[in-house]
Amino acid sequence: MLKKKNGQQILDKKNKNKKNQKISKNGIFLYPDNFYKEDLSSTLHSKYSYKTAQELVNLNVNVSFAGRIMSRRIMGKASFAHIQDYEGQIQIYVTQNNISDSLYNDHFKSWNIGDIIGVKGILFKTKRGELTINCYEVLLLSKVLKSFPDKFHGLVNKEIRYRKRYLDLISNSRTRKTFLTRSKIISCIRDFMIKKNFLEVETPMMQNIPGGALAKPFITHHNSLNMKMYLRISPELYLKRLIVGGFEKIFEINKNFRNEGLSSYHNPEFTMMELYMAYSNYKDLMILIKELFCDVTNKIFGSPIIKCGCQELDFSKSFFSMTMIESILKYIPNINSNDLKSLPRLKKIAQKLDIKIEKKWGIGKIQFEIFEKIVPKNLIQPTFITEYPIEVSPLARSNDLNSSITDRFELYINGCEIGNGFSELSDPIEQKNRFLNQIQNKDIKKSSVNFFDKDYITALKYGLPPTAGLGIGIDRVVMLLTNHDNIKDVILFPTFKKDT
């Protein structure tokens with residue numbers, strides 16, 4: 001069976017190649033570059049779909065359009081086809097009388113689904129009222145050599161969709177719409193930041209010392225310098241160096257890399273926006289991020305209200321806010337505040353929740369792990385969780401009234417963490433001690449990476465003004481606003497195991 005299948009594939013390929021050679025010998029170039037597309041399907045539909053058939057006749061609209069053949073109906077001396085560009089489809093009408101007998105019969109009728117063609121013609125409406133191009137010129141621009149997925153059902157196999165995104169984009173209109181919307185979301189975020197007088201900057205992707213987050217880095221090697229380097233896990237420490245240098249409002253939208261597992265919310269390579277505001281605190285960031293969501297949703301969807309699954313989210317309303325401890329008490333039954341202050345009781349609660357506790361974990365770390373296990377999935381409406389333990393916030397400023405917690409928040413929407421912000425720790429002595437404690441708490445046998453950034457401590461000694469910093473996961477924002485539940489659906493080329 002295998003030999004027969006492979007033999008049939010080889011035969012089909014040979015027949016297809018012979019067919020292509022025949023087309024080329026008959027004077028039709030398979031891959032010309034002399035056609036200029038002047039119109040988009042979306043523009044044509046928005047301008048002329050509401051026109052009557054007679055109005056279109058009077059207007060005599062000439063168009064130049066190009067795209068893939070997605071369907072066709074050959075009817076003797078006349079044919080209809082649907083041509084798709086990146087914004088949609090439009091119907092074309094090709095007749096033997098309008099082009100030529102040889103072009104129509106010997107060439108056009110033999111072109112395949114997926115072939116890219118260019119057409120010139122005049123807009124009209126069919127009896128059924130469909131906007132159509134009556135072609136007086138057709139040109140084959142690129143010949144398809146492989147069969148396309150089912151034109152009626154699109155490409156449904158998820159793994160193929162992710163691995164061969166080009167086929168997914170051709171076959172599935174929702175995928176194209178998702179990535180068009182993603183581009184608009186990033187543009188709107190950038191415009192919002194610039195209007196708020198933030199300066200866009202760029203910081204290194206390759207770093208001598210990875211820092212700014214608790215994550216395992218990707219390691220590479222610089223040949224000329226003969227040294228290890230790391231793909232950044234966060235731009236934070238470099239951005240704060242710029243605040244020390246005198247910039248007061250800065251942001252960066254770029255890639256981060258974390259050598260960790262994959263899930264519906266995690267990809268090793270992901271897009272983040274980080275911003276820093278001097279002479280501000282974390283409460284100012286909570287106001288800013290709400291304004292950002294209102295602005296983006298209004299500009300893209302015309303309303304601050306969006307649908308997310310079966311939920312309706314309204315970003316014009318006040319966001320909920322509660323401390324981490326309050327959220328644990330609210331969403332985990334049979335726990336009281338005294339339980340959360342006792343290390344033995346906390347360990348028992350964690351064990352019941354199947355949380356593996358490490359020896360060096362303190363009360364704050366276990367509280368955080370309990371929170372992470374249960375609470376987020378309950379936070380559907382936009383919710384700020386505040387007062388994170390100092391043990392899990394090595395770069396955040398301690399709270400003035402309670403030194404065991406920090407002036408930090410995380411924003412949760414639809415059960416997912418969207419942003420993390422805090423008032424920055426500006427005391428170089430305390431920051432140095434926290435870095436050293438962080439290193440001591442690591443299992444040195446498992447990791448040879450030293451996260452102690454001496455130059456960052458030196459920068460702090462020159463004075464970091466009171467500053468607030470925020471990181472927003474762009475991929476997760478796109479997931480939320482395009483109503484997807486898997487991060488792979490909003491990253492054009494997600495990370496996968498090698499295809500064998």
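**Entry 1: the largest cavity**

I looked up the lining of the largest cavity by class and noted eight nonpolar residues, three polar ones and no charged ones. The model I am reading is a predicted one. I then listed the residues along this lining: P210, G211, G212, A213, L214, L237, P394, L395, F435, Q438 and F451. For the volume of the largest cavity I wrote down about 80 Å³.

**Entry 2: the search as a whole**

How many cavities of 30 Å³ or more does a search of the whole structure find? I noted three.

**Entry 3: the second largest cavity**

The second largest cavity holds about 40 Å³ of space. I found I189, L292, F293, V296, I472 and V477 in its lining. By class, I counted six nonpolar residues there, with no polar and no charged ones. Helix α9, residues 282-301, gives the largest share of this lining, three residues.

**Entry 4: cysteines**

I looked for disulfides and found zero in the structure. A disulfide needs the two sulfur atoms within 2.5 Å. I also checked C308, which is in no disulfide; the nearest cysteine sulfur belongs to C310, 9.0 Å away.

Are C294 and C308 buried or exposed? C294 counts as buried because its relative accessibility is 15%, and the cut-off for buried is under 20%.

How values were computed: Residues numbered from 1 in each chain as written. Predicted model: local features only at pLDDT ≥ 70, side-chain atom pairs only at ≥ 80, totals over all residues. Heavy atoms only, no water. Buried < 20%, exposed > 50% of the residue type's maximum accessible area, 1.4 Å probe, protein only. 1 Å grid on protein atoms, 1.4 Å probe; cavity = no way out; pocket = protein on both sides within 12 Å on 5 of 7 lines; lining within 4 Å. Points joined across faces, edges and corners; volume = space filled by probe spheres on them. Nonpolar A, V, L, I, M, F, W, Y, C, P; charged D, E, K, R; others polar. Helix = DSSP H or I, 4+ residues; strand = E, 2+ residues; numbered from the N terminus.
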